[in-house]
Amino acid sequence: LSLTAFLLAAISKSIVIVFPFLIIFHDYIFFWKKGDGLGRLFVDKVPFLLLSAVIAGLQILTHAAAGVIHAHPSDRPLYTFYTMLKVLIIYIKHSFFPLSLSGIYNIHVSKSIIEPSVLLSIALLLLLAVALYLRKSDRILLFVAALFFMPLLPVSNIVKIAIFMADRYLYIPMIAFSLIISVTLYRISIA
């Protein structure tokens, strides 16, 4: 039943293919102990991982056949990477301040790491990584960070798609945002 539900979800929304990885990460940070073998984390998720791989492969093939997969700007994947760094920061900003949302975004392709917006994005992401590292004992915070960022991987243009950014890509990551707000309010109430 769970495999069927996962299959239907993955067919309707490609972001769902990261679900098995989220479950593995969840089990690792909440239940895995040093003496446990790593295989225990994966055994019950193998069917979901295989289904994710098949669905991802089929989606890439169907998108390629439909002409949705494009070349990277100027055939340089690094330009896409720089641009997606900026987009990631915009996604974080839109999570906190959902203002000026749009159905279509005209995202400027960044062609250099020294562009101010790219440098600012790198600095903010490094700051976030350091904050997570300093709070690594806070398992809920680590899981929430994974729940926000992992679903964005399929739409982060690793395989170049036609769109750099769309608000609909935040539907599942917003669960993480809601969770962190709830946990923060709970922690404030018991303090």
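About 530 Å³ of space lies in the largest pocket. The model is a predicted one.

**The pocket lining**

In total, 22 residues line the largest pocket. Nearest its centre lie Ser-14, Gln-59, Pro-154, Val-155 and Ile-161. By class, the lining holds 16 nonpolar residues, four polar and two charged. Helix α1 (2–12) and helix α4 each supply at least two of the lining residues. Helix α4 gives the most, with four residues.

**Overall architecture**

Along the principal axes, the C-alpha trace spans about 50 × 40 × 30 Å.

**Helix pairs**

| Pair | Angle between axes | Distance between axes |
|---|---|---|
| α2 and α4 | about 145° | 8 Å |
| α2 and α7 | about 170° | 10 Å |
| α7 and α8 | roughly 160° | within 7 Å |

Take α2 with α4. Helix α2 covers residues 19–30, and helix α4 covers residues 46–66. They pack at an angle of about 145°, with their axes 8 Å apart. From α2, the contact uses Pro-20, Phe-21 and Ile-24. From α4, it uses Phe-48, Leu-49 and Ser-52. Five of these contact residues are nonpolar, one is polar and none is charged.

Angles over 145 degrees count as roughly antiparallel, so α2 is roughly antiparallel to α7. On the α2 side, Leu-22, Phe-25, His-26, Ile-29 and Phe-30 make the contact. On the α7 side, the residues are Arg-139, Ile-140, Leu-142, Phe-143, Ala-146 and Leu-147. Nine of the contact residues are nonpolar, one is polar and one is charged.

Helix α7 (residues 139–149) also meets helix α8 (residues 173–190). Their axes come within 7 Å and cross at roughly 160°. That angle makes α7 roughly antiparallel to α8. The crossing is left-handed. Helix α7 contributes Ile-140, Leu-141, Val-144, Leu-147 and Phe-148 to the contact. Helix α8 contributes Pro-173, Ile-175, Ala-176, Leu-179, Ile-180, Val-183 and Arg-187. The contact residues divide into 11 nonpolar, no polar and one charged.

**Leu-88 and its contacts**

Leu-88 sits in helix α5 (residues 77–96). Setting aside neighbours within four places in sequence, Leu-88 is in contact with Leu-125, Phe-149 and Leu-152. One of these, Phe-149, falls within the residue range of α7, 139–149. Leu-88 and Ala-166 are 78 residues apart in sequence. In space, C-alpha to C-alpha, Leu-88 and Ala-166 are 11 Å apart.

Terms used
Residues numbered from 1 in each chain as written. Predicted model: local features only at pLDDT ≥ 70, side-chain atom pairs only at ≥ 80, totals over all residues. Heavy atoms only, no water. Axes fitted to C-alpha atoms, helices over the stretch in contact; angles between N-to-C directions. Contact = heavy atoms within 4.5 Å. Nonpolar A, V, L, I, M, F, W, Y, C, P; charged D, E, K, R; others polar. Parallel < 35°, antiparallel > 145°, perpendicular 65-115°, else oblique. Left-handed = near helix turned anticlockwise from the far one by under 90°. 1 Å grid on protein atoms, 1.4 Å probe; cavity = no way out; pocket = protein on both sides within 12 Å on 5 of 7 lines; lining within 4 Å. Points joined across faces, edges and corners; volume = space filled by probe spheres on them.
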